[in-house]
Amino acid sequence: MSGNETEAVRLELDWERFMADNDMEWVVKPVSWDEGAFIGNGLIGAMIYGEENARKRNVLRFVAGRTDVTATRTDCAGFRPRVPIGELDLELEGMIYHPTSLRLDLWHAELRGVLTTTRGEVRVRAFAHSEAEVMAIELETTEGEADARLVWYANSEVDPVLKHADGINMNQYIPAETVDKTAGSGGISFSVQRYAPSESEGCVTAWKEIRASEGRRKIWYVSIVNGHDGRAKEQAAAAVRKASENGFGAWVGAHRRWWHRYYRQSFVSIPDGRLESFYWIQMYKLASATRADRPLIDNQGPWLAPTPWPGIWFNMNVQMSYSPVYAANRLEIGESLVRALDENREHLTANVPEPFRHDSAGLGRSCSFDLKSEVDDEVGNLAWICHNVWRHYRYSMDDEMLRNVLYPILRGSVNYYIHLLEEEEDGRLHLPPTISPEYGSFMRTRVRDCHYDLALLRWGCETLLAISERLGEADPLCWKWLHVLDRLAPLPVDETGFMIGRDTPLAYGHRHFSHLLAVFPLHLVCCDKEEDRELIATSLRHWIGKEGDLRGFSLTGAASIAATLGWGNEALRLLQALLLIVKPNTMYKEAGPVIETPLAGAEAIHDMLLQSWGGTIRIFPAVPDEWREAAFHDLRAEGAFLVSAVRSEGRTRFIRVKSLAGEPCIVRTGWTGVVRWRKAGTAVPEATVDLGTQQGEIALNLQKGEEAILYPDGELPDLRIRPVSPSARPVRYFGGHKPWRLYGFPFRDRE
């Protein structure tokens, strides 16, 4: 049967209405970073909230950040940390009162609200423009608030009441700064901040106020540039000038179109309303935190707050922050990581001891954006980052990136490991004592044959051999990688499952899954063999059973491992527990704010809906019993496939797989019996496969650009993809703390 309109998979969706139910909403003024509204464009942004101290109840703060503004430490040795810049304060005539409401419109990526004060009312709109290094804040006031004003305060000028409200982290370096405020031509003003004692470090903030001809409406345009010289000042001025001289409506339209294209790259809908909203807020957060041509995601993105971690951590944080971009079909976000590694190769080489720099590379635990971080006894961080880049490759099949970026960097990382190997009396190759990230941190526990490192070394050797074969280039080191794989010490195991390392069982609470890396995300040990499946299950139960040191990212890692086992109910419970830990605005905080945990939660949702490791695409592999409905469209799988599927009444109704690269395609559908499939839009006859009573696999022969539609035996089902049933879902749960919305209050219809 030839393809026609009835055979095409169609996403039927009013995007604006769908996203509106997932917006963040505040029914009172947010009063902390934990519940603030956040805007960003991958480089600059702001966290927006107020303060309850009587002296500052008339202020709505736009605490600003620019990701790449750093300063050289003068108090001790260390990398150049992120530093706070300052804030734009909306200072009102009256105190902010009730009713006040704010709403972060995800679809348009802008904050809108009405601030009621004791003197009047102010309507506010704010966004960080998607294509310009400019934030815009639009105000419209009633007569009583006609004198409401926006004022820029450099960090050193911020009122202590506001600083103390955020808390002070004694471990955070704050440089001394000088501030020079000047007025320039064309109504543009400047705040130039210089960080002592450097002559080059600092930033420039430029702003301009435009008063609209109609009534009491005004717009502020603000740009922040790294550096404080004349060039930086002109760059900031040029950005403000260009934005303010454009027609505001057209400028806003360009901003919105970028976000609309971004969201449409894939679609996910699940019947758990809180988790669905959480998921889409993470998609917004990703593109607010970085872009392809902007700095990689550090611990906080543009929303820097008091923290002991004002930089980039590579023993988990970066890896987890980027984890959702691959299945979400948002690979351009991941390009910022690929580019950062490529541009800093010489520093990766310099990070290892001098005797090994001729062929090796490495990455320590933490650093600034230059990736200068000497490797000590935590060896595997670069190899783990390379696994992210490998995923980027497998989801894109970009052989040029594989050859020119991943291959040489991974080769250097594995070479450093090989230099450390020691042959012992058993004839095996063993690793000296190294650190398993986060286990025994305060004691700096070092273990021989650490699972973390053995798993990464094994994965690295296997992957280098696969790359060499893919590129058709016989690397001179292939024999060495094969030798390592043949003789490398096995992963240490005891009756409780995977151990931290040789002679080191998991004896107490461990927040990291570093001792389970072979399971997730490397998938070196999987569930095809019953003994492996039991080993994974035993290890997961033992780890989570040691509750003493679990954190939010423990729950996301455990959820993904549970999903690997097909335990959908357990994965859901772990994610629901995560929602008790994340902040009302879906941010996350321990001793300081960090961004990776909620983003990794989005990856765990992907793992429940679609998995594609080991050369097999798995559809709905870990759907909990209560998710009788679910749908996704154009999620991406390894091999560069776009996958869509619909589940209703507890059954998968159809699957669509589109090949973007012509790679081999094996699909595990979850069906039994006869399965039908056809190539959409072609005259190729329909094929049938009888899977019998087992949930077997189907091999699809798809050329680049071809797509197949699969469905159980019977008539071709309805191929429309729509949001799942909205029954009993809370609407706009996140933002301000609103636990009552879990119980159907307030009573209102879905918009």
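Analyst: Contact here means heavy atoms within 4.5 Å. This is a predicted model: local features need pLDDT of at least 70, side-chain atom pairs count only at pLDDT 80 or more, and totals for chains, interfaces and linings use all residues. Residues are numbered from 1 along each chain as its sequence is written, and side-chain values use heavy atoms, with hydrogens and water left out.

User: What does Asn-388 touch, leaving out residues up to four places away in sequence?

Analyst: Gln-319, Tyr-322, Ser-323, Tyr-326 and Leu-337. Asn-388 is found in helix 9 (residues 381–396). Helices (H or I, at least four residues) and strands (E, at least two) are DSSP runs, numbered from the N terminus.

User: Is Asn-388 buried or exposed?

Analyst: Asn-388 is buried, with a relative accessible area of 4%. Buried means under 20% relative accessible area, exposed over 50%, partly exposed in between (1.4 Å probe, protein chains only).

User: Which backbone oxygen does the side chain of Asn-388 reach?

Analyst: That of Gln-319, at 3.1 Å.

User: How many bridges join strand 34 to strand 29, and to strand 31?

Analyst: Four bridges join strand 29 (residues 651–659) to strand 34. Five join strand 31 to strand 34. Ile-655 stands opposite Leu-710, and Arg-676 stands opposite Tyr-711.

User: How many residues of strand 34 are buried?

Analyst: Six of its six, residues 707–712. Glu-707, Ile-709 and Tyr-711 point one way, while Ala-708, Leu-710 and Pro-712 point the other.

User: Next, helix 12. Which residues are buried there?

Analyst: In helix 12 (residues 478–487), Cys-478, Trp-481, Val-484 and Leu-485 are buried. Seen down the helix axis, they fall within an arc of 125°, so they line one face of helix 12. That arc is taken from the directions from the helix axis to the C-beta atoms. Trp-479 and Asp-486 are exposed on the other side.

User: What covers the buried residues of helix 12?

Analyst: The cover includes helix 10 (399–420), strand 20 (429–430) and helix 11 (451–471).

Notes: A polar contact is a pair of N or O atoms within 3.5 Å; within protein, one must be able to donate a hydrogen and the other to accept it, and residues adjacent in sequence count only if both atoms are side-chain atoms. Two strands pair if DSSP finds at least two bridges between them.
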